[in-house]
Amino acid sequence: QIGVSGIAIDPTDSNIIYIATGDDDANDSYAVGVWKSIDGGTTWNATGNISANSMNEIYITPSNPDTILVATSTGVYKSTNGGTSWSKKLSGNILDLKMKPGDESIWYASYSNKIYKSSNSGENFPQVSITGFTSSSRIAIDVTPANPNLVYFVSADGSNKFNGIYKSTNSGSSFSKTLETDDIFDSTQSWYDLAITVSDTQENTIYVGVLNIWKSTDGGNNFSVMNSWSAPNSDSYTHADIHFMRFINGKFFAGTDGGIYVSTNHGAKFTDLTENLAISQFYKISVASQSSENIVGGLQDNGGYAYSDSKWNNYFGADGMD
């Protein structure tokens, strides 16, 4: 069993793919290094040695596809020869890594309670001093091509509760805390899943996800909840346990325990891209004593389903269980 927590596709040749292995959220599977395919994913080979239990973000630099950066549980590693060998550029359990849009000389990395910035293409990462920033246990970062100078990050505290949104307007040289103080996590499970993304066309539109997706349109000062994990038939529904969110060419993607969702209208309506994949797993089922045609069951991470009138109906979101 090989977990994959990062994928990078060569922008000049889509047959060349790198994967960063291991489960970076729950450590349910361990890393076996960065693997590479040169035939569109048909076959894979290990690249140079990296000692780490987990990995997450991996990037190919736009100007030189042989230069790759990857964030791991032991640091940020860089290769300049297509993965043949790797050099550690920053030590520590690096939870996130982002490149400044349009400027591959500037990179941002996060530890549980620290932010780092590289201004020399990832060769070294000095720590950024942030006044008043304390009690953080996890950080997620995002940037936006709508304003490449902006950097946002969300922090969880030592109890895995919401610890604030921080914003930089000078490419990560300094950060200030936004005004939001409400519990936009809805839970204490940010140790397991935490995601932030910024619209690629609206620099002040930010989304944070743990159980539900919350949205701000004023640069992170005020958020409102967009959906509910227990309402699977609503237009804005996504499964709970949100591990990944990102805008790609105007499309808003959300990667969750229950599927991959996409929105083309900034989250007002999501489409489940995995809806027709036969990947659902039942925990328990029960058949009505009055009619064997009526069946209910609970699914691993995909809600509760009832079979009636020759079709399955989803009546509850998230984990179905019994």
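In strand β3, W35 is the bridge partner of I19. The model examined here is predicted. Strand β3 covers residues 34-37, and β2 pairs with it in the antiparallel sense over four bridges. Strand β2 also pairs with β1. That pairing is antiparallel too, and it runs over five bridges. Within it, A8 stands opposite Y18 of β2.

Strand β2 spans residues 17-21, and five of its five residues are buried, so the strand is largely enclosed by the rest of the structure. The cover extends to both faces. On one side, I17, I19 and T21 are buried.

A nonpolar patch was found on the surface. I2, V4, I7, I9 and V32 form this patch. Together, these residues have about 460 Å² of accessible area. I2 lies in the segment before β1, a strand that spans residues 4-9. I2 has a relative accessibility of 52% and therefore counts as exposed, since the cut-off for that class is over 50%.

Charged side chains were examined next. Side chains of opposite charge can pair when their charged atoms come close. The structure holds eight salt bridges. One of them joins K78 and E123, with 2.8 Å between the closest N and O atoms. K78 lies in strand β7 (residues 75-79), while E123 lies in the loop between β11 (115-118) and β12 (127-128), so the pair ties together parts that are 45 residues apart in sequence. K78 is buried, at 9% relative accessibility. E123 is partly exposed, with a relative accessible area of 34%.

Another salt bridge links the side chains of D235 and K269, at 3.8 Å from N to O. D235 sits in the loop between β20 (224-225) and β21 (242-248), and K269 sits in the loop between β23 (259-263) and β24 (271-272), so this pair ties together parts that are 34 residues apart in sequence. D235 is partly exposed, at 47% relative accessible area. K269 is partly exposed, at 43%.

D322 and K284 form a further salt bridge, with an N to O distance of 3.5 Å. This pair links distant parts of the chain, 38 residues apart. D322 is in the segment after β28 (311-316), whereas K284 is in strand β25 (residues 282-287). D322 is exposed, with a relative accessible area of 70%. K284 counts as partly exposed, at 48% relative accessibility.

Salt bridges also form a network. E57, D96, K98 and R246 are its linked members.

A polar side chain was then considered. S216 lies in strand β19, which covers residues 213-216. S216 is buried, at 0% relative accessibility. A polar atom of the S216 side chain lies 2.9 Å from the backbone nitrogen of G220.

Notes. Residues are numbered from 1 along each chain as its sequence is written. This is a predicted model: local features need pLDDT of at least 70, side-chain atom pairs count only at pLDDT 80 or more; totals for chains, interfaces and linings use all residues. Side-chain values use heavy atoms; hydrogens and water are left out. A salt bridge is a side-chain nitrogen of Lys or Arg within 4 Å of a carboxyl oxygen of Asp or Glu. Helices (H or I, at least four residues) and strands (E, at least two) are DSSP runs, numbered from the N terminus. Buried means under 20% relative accessible area, exposed over 50%, partly exposed in between (1.4 Å probe, protein chains only). Patches are made of residues with over 30% relative accessible area and no salt bridge: like charges are joined within 9 Å, nonpolar side chains (Val, Leu, Ile, Met, Phe, Trp, Tyr) within 5 Å. Accessible areas come from the Shrake-Rupley method with a 1.4 Å probe; for residues, only the protein chains shown count as cover. A polar contact is a pair of N or O atoms within 3.5 Å; within protein, one must be able to donate a hydrogen and the other to accept it, and residues adjacent in sequence count only if both atoms are side-chain atoms. Two strands pair if DSSP finds at least two bridges between them.
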